[in-house]
Amino acid sequence: MLDEYGSPLNIHSIGEFHENISSFKRVSDRLNLDLGIYFARKANKCKTFVSEAKKANIGVDTASFQELSDCLDEGLAPEKIVLTAAIKSEKLLELAVNNGIIIMLDNTDEIELLQSVCLKLNKRAKVGIRISGFLFEDALPTRFGIDIEETKKLLIQDFKVEGKYNQLDFQGLHFHINGYSVQQRALSLVRSIQLADELAENGIQTRFIDIGGGYLVNYLESEEEWDEFHTELYRAVLGKSRPITYKNDPLGMYPHNGELLGSPKVYPYYNDHPKDIFLRQIMESKFDCNSKIYEALNSRKIQLRIEPGRSLLDQTGITIAEVMFRKSNSQKDSFVGLAMNRTQLKSSSEDFLLDPIFVSQIKPKEATPFEGYLVGAYCLEQELILKRKISFPWLPAIGDMICFVNTAGYMTHFYESQAHLFDLAKNLFFENEENFDKVRVDKY
Ligand SMILES: *Cc1c(COP(=O)(O)O)cnc(C)c1O
């Protein structure tokens, strides 16, 4: 396949996508919850996930003209699409309004623009409002959304028949918050339900509350290994043991008076509340003294909507790259050069902390263990595919393969770039999970 399609190669399978969808559905079935699932397309560009979402009868969360028009071309029903784009051009809004797609609004400039688009097209628009200003110890800092109190005023005053945004039909509330705290999600949801109650007192119905994405994936089996990695990184950066990252990179911690402050800025690759467990914990959190959140939603007939991206892609993709060279430098660091670049395995995490799988062609007669760094094709000193030093049972040979696992969510596509005018990686899907020879190239 590498000979035919080039290196690196992203290979996907859809079985797990459907299993991940089912895991969320099992939570809503058990709690008798009206749940709308909207797959956040931004986590992976492949169109196949859109067509599979349609087959599974779930929706898609779109964030650009192309993402939205792909879903329309694919024949998704309007109620199965939501537009959450952070930047909404007039052209994008027109496409959404003309197709009756719900638009999540983030600020008053956007609302003004949408009202004018509606007047121009002589149409009405279905909208949700993205809210913010949730209070925990302090206000949760975010650049997204409109403050809750302002939202309330806006909906009561400006959305009525004689109001300045009278072309807009309010459908529901939306928020997407960073981090993975069950408590923060739960409290934000409680506050949103309270807002829905306040709106109801003013004759405004909230049909849904959309709590966005951000459902964890648990990438690692062993909590012990995860803890040990942190301990070893800490020791190494303080000079108490050999470096385990390139140039002893602290992965986001910073030294201060012989200590290290902060913690590595990495995704919680090991965690004990991924996907459906996270959703269930939020739903079973307290609403008030007498009821839980899911009961509060059910009794008000408010639909819960979620926009999972990463979590629906758990175990749906791998990335394979070919070994091109081996070398060492004067500092005695060893390198394995791969036919790929670091934007093809990159997320907002400081490093991808899953060990790659080494696929060798021949086992040498005498195997001497080897340690080195994986480097890529961009002409930069920082061009490391992984910052961690990787151990191999023996020196990889030219033409051997390095396989990165569980990469479909964000790792392959979100930051991929085409510096040096390299081709983008090809994306393959198995036609049939039993028949590994039959693959199809996904175009996007
Ligand atoms: C990024 C994003 C998502 C998806 O987040 P995941 O962590 O991939 O689940 C959903 N909704 C909005 C508004 C987002 O910005």
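Mentor: Helices (H or I, at least four residues) and strands (E, at least two) are DSSP runs, numbered from the N terminus. The model is predicted, so local features need pLDDT of at least 70 and side-chain atom pairs pLDDT 80 or more, while totals for chains, interfaces and linings use all residues. Residues are numbered from 1 along each chain as its sequence is written, and side-chain values use heavy atoms, without hydrogens or water.

Take the second largest pocket. Its volume is about 630 Å³ (the space filled by probe spheres set on grid points joined across faces, edges and corners). A pocket is an open set of points on a 1 Å grid over the protein atoms alone, where a 1.4 Å probe fits, with protein on both sides within 12 Å along at least five of seven lines; lining residues have an atom within 4 Å of a point.

Here 20 residues form the lining. Closest to the centre are Phe 229, Ile 244, Asp 355, Arg 388 and Lys 389. Two elements give two or more residues each: α9 (223-237) and β17 (390-392). Helix α9 gives the most, with five. By type, the lining has 11 nonpolar residues, eight charged and one polar.

Now set the largest pocket beside it. That one holds about 1,200 Å³. It has 42 lining residues, and Lys 42, His 176, Asn 178, Tyr 410 and Phe 414 lie closest to its centre. Its lining divides into 16 nonpolar, 15 polar and 11 charged residues. In these counts, Ala, Val, Leu, Ile, Met, Phe, Trp, Tyr, Cys and Pro are nonpolar, Asp, Glu, Lys and Arg charged, and the others, Gly among them, polar.
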